[in-house]
Amino acid sequence: MEEELGIQLFVRSHRKVELTREGKRVYWALKASLDGLNQEILDIKNQELSGSLTVYSRPSIAQCWLVPALGDFSRRYPAISLTVLTGNDNVNLQRAGIDLAIYFDDAPSSQLSHHFLMDEAIVPVCTPYYARQLQLTSNPASLRHCTLLHDRQAWSNDSGTDEWFSWAQQFGIELPQSSGIGFDRSDLAVIAAMNHVGVAMGRKRLVQKRLESGELIAPFGDMTLKCHQHYYVTTLPGRQWPKIDAFIEWLHSLT
């Protein structure tokens with residue numbers, strides 16, 4: 001190759017071979033070309049509403065909102081083989097082989113394409129039994145006698161109790177001195193509330209069905225706080241594949 005190009009690409013010593021400065025330039029040019037070729041091949045393969053689709057989501061979003069609705073997606077798009085992964089980290093989509101991710105936060109990465117999905121508000125929730133035992137109905141002052149349940153990683157830079165303190169500050173409510181019980185997932189706080197452990201700070205989008213069924217109640221009525229954060233979907237730039245667009249469109253139909 002060096003003879004054909006008329007350029008020295010390698011420096012050869014007794015024990016190793018290294019690229020020259022010119023060799024490194026050729027390497028990066030070839031790598032960029034191969035990356036572009038691989039992307040084109042992927043785009044060609046994914047022009048149909050079929051094949052595999054990998055979705056990453058925060059666990060609470062997946063369990064309380066996404067997974068219960070997946071039967072509808074499968075009926076609409078039976079040729080798409082869907083995989084749902086969950087975690088609390090912001091993953092590298094390309095490295096992890098993920099097509100799109102669903103997050104709840106206020107700062108989408110500028111390096112990714114992102115699509116607004118829906119807003120959110122938080123509201124205290126508990127079981128009717130717990131509300132009766134602690135005399136909570138329409139009496140938020142009784143919270144100081146309750147066990148507070150909350151997501152310690154509700155959003156980026158959460159101090160661990162941001163949900164409750166933001167809500168209490170908005171409505172001028174005195175909270176217990178103890179911070180209660182914290183979880184790394186919002187749905188775990190809700191599960192604890194459903195087992196009469198205390199009052200959870202619920203995300204309305206994620207607890208709405210349980211409120212409608214009567215499993216949980218909002219003992220203080222409509223004392224909700226709109227979040228600065230929102231739900232959004234991220235994808236790799238340039239991946240406007242029909243199956244990704246179809247999934248995002250389907251997500252919007254749920255909101």
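Residues are numbered from 1 along each chain as its sequence is written, and side-chain values use heavy atoms, with hydrogens and water left out. Because the model is predicted, local features need pLDDT of at least 70 and side-chain atom pairs count only at pLDDT 80 or more, while totals for chains, interfaces and linings use all residues.

The strands β4-β3-β5-β10-β6-β9-β7-β8, in this order, form an open sheet of 8 strands with mixed pairing. Two strands pair if DSSP finds at least two bridges between them; helices (H or I, at least four residues) and strands (E, at least two) are DSSP runs, numbered from the N terminus. The edges are formed by β4 (80-86) and β8 (181-183), each of which pairs on one side only. On average, and with direction ignored, neighbouring strands of this sheet are turned by 25° against each other.

Strand β6 (residues 113-125) pairs with β9 (residues 199-203) in the antiparallel sense over 4 bridges. Isoleucine 122 has arginine 203 of β9 as its bridge partner, and valine 123 has glycine 202 of β9. The pairing of β6 with β10 is also antiparallel and runs over 8 bridges; here serine 113 stands opposite threonine 235 in β10.

Helix α9 (residues 204-213) packs on the sheet and touches β6, β9 and β10, its direction making about 50° with that of β6. Contact means heavy atoms within 4.5 Å. Axes are lines fitted to C-alpha atoms, for helices over the stretch in contact, and angles run from 0 to 180 degrees between N-to-C directions.

The largest nonpolar core has 47 residues, and those with the most contacts inside it are Ile102, Leu143, Trp167, Phe247 and Leu251. Helix α10 (residues 242-254) gives the most to this core, with 6 residues. At least three residues of the core come from each of domain 2 (51-117 + 230-253) and domain 3 (120-227), the bounds being those of an automatic or database domain assignment. A nonpolar core is a set of buried Ala, Val, Leu, Ile, Met, Phe, Trp, Tyr and Cys residues joined through side-chain atoms within 4.5 Å. Buried means under 20% relative accessible area, exposed over 50%, and partly exposed in between (1.4 Å probe, protein chains only). Beyond four places in sequence, leucine 251 is in contact with Trp65, Leu66, Ile102, Leu117 and Val233. Another core, of 11 residues, lies apart from the largest one and includes Val123, Val125, Val190 and Ala200.

Helix α3 (residues 59-66) and helix α8 (residues 186-194) pack at an angle of about 55°, with their axes 7 Å apart. Helix α3 is therefore oblique to α8, since angles under 35 degrees count as roughly parallel, over 145 as roughly antiparallel, 65 to 115 as roughly perpendicular and the rest as oblique. Pro59, Ser60, Gln63 and Cys64 of α3 make the contact with Ser186, Asp187 and Ile191 of α8.

Asparagine 88 lies in the loop between β4 and α5 (93-96) and, at 26% relative accessibility, counts as partly exposed. Leaving aside neighbours within four places in sequence, asparagine 88 is in contact with Tyr56, Arg58, Pro59, Gln153, Asp184 and Arg185. Glycine 23 belongs to helix α2 (residues 21-45) and counts as buried at 4% relative accessibility. Not counting residues up to four places away, glycine 23 touches Gln8 and Leu9.
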